Amino acid sequence: NDGHLVQNRINVYLTNNGLAGGTITALNTAIPTVATKYPVKDIAMLSVGINSADDANFQTDYTALIQSCLTAGWAKVVCRGLVTTTAQTSKNAKISAAVASFGSAAVVYADVASWVATLDGAGGTIAMPDGAHPNAAGFATMADYWVSDHASLFA
């Protein structure tokens, strides 16, 4: 994924604890177990939500996930907006609002709105075959965007 490609571009070490097809609720349930794997918890980078229903509970569930990361000991939580088709970007407003509710420099939103037009399979230059998950070229481009747009979030 793009996270692993970022570590080749800036001085960070990343480990992916993804849950293929997982929802925000499933990841939230897994956080206590995941946290035990890491004695040092600098930054949790959340890239989650595309598999969760866009319903009234989305923002509440995302807020609970952020809190779980903080409670588990991560010093900083970077919440990446979803790189998805433009039709589904309403979730990004909910992620941003969840981040804002903490009012803390330890919880930040990585806005990816400018990435969507480039990656959107419907009109962008790099296909997301299912309209939600980028292909290999898409992940490489996303890693470049991380460096150009959000490298400071990893400090």
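Because the model is predicted, local features need pLDDT of at least 70 and side-chain atom pairs count only at pLDDT 80 or more, while totals for chains, interfaces and linings use all residues. Residues are numbered from 1 along each chain as its sequence is written, and side-chain values use heavy atoms, with hydrogens and water left out.

We can begin with the sheet, which is open and has 3 strands in the order β1-β2-β3, with parallel pairing; here strands (E, at least two residues) and helices (H or I, at least four residues) are DSSP runs numbered from the N terminus, and two strands pair if DSSP finds at least two bridges between them. The edge strands, each pairing on one side only, are β1 (43–46) and β3 (107–110). From one strand to the next the twist averages 20 degrees. Strand β2 (residues 76–80) runs parallel to β3 and is joined to it by 4 bridges, and V77 stands opposite V107 in β3.

Helix α4 (residues 90–100) packs on this sheet and touches β2 and β3, and its direction makes about 160 degrees with that of β3; contact means heavy atoms within 4.5 Å, and angles run from 0 to 180 degrees between N-to-C directions, with axes fitted to C-alpha atoms, for helices over the stretch in contact.

Turning to the helix pairs, the axes of α2 (residues 24–35) and α3 (residues 58–71) come within 9 Å and cross at roughly 20 degrees. That makes α2 roughly parallel to α3, since angles under 35 degrees count as roughly parallel, over 145 as roughly antiparallel, 65 to 115 as roughly perpendicular and the rest as oblique. Among the residues making the contact are I24, L27 and I31 of α2 and F58, Y62 and L65 of α3.

Helix α3 also packs against α4, at an angle of about 45 degrees and with the axes 9 Å apart, which makes α3 oblique to α4. In this contact F58, Q59, Y62, T63 and I66 in α3 meet K91, K94, I95, A97, A98 and V99 in α4.

Finally, S52 is found in the loop between β1 and α3. Leaving aside neighbours within four places in sequence, S52 is in contact with T23, I24, F58 and K91.
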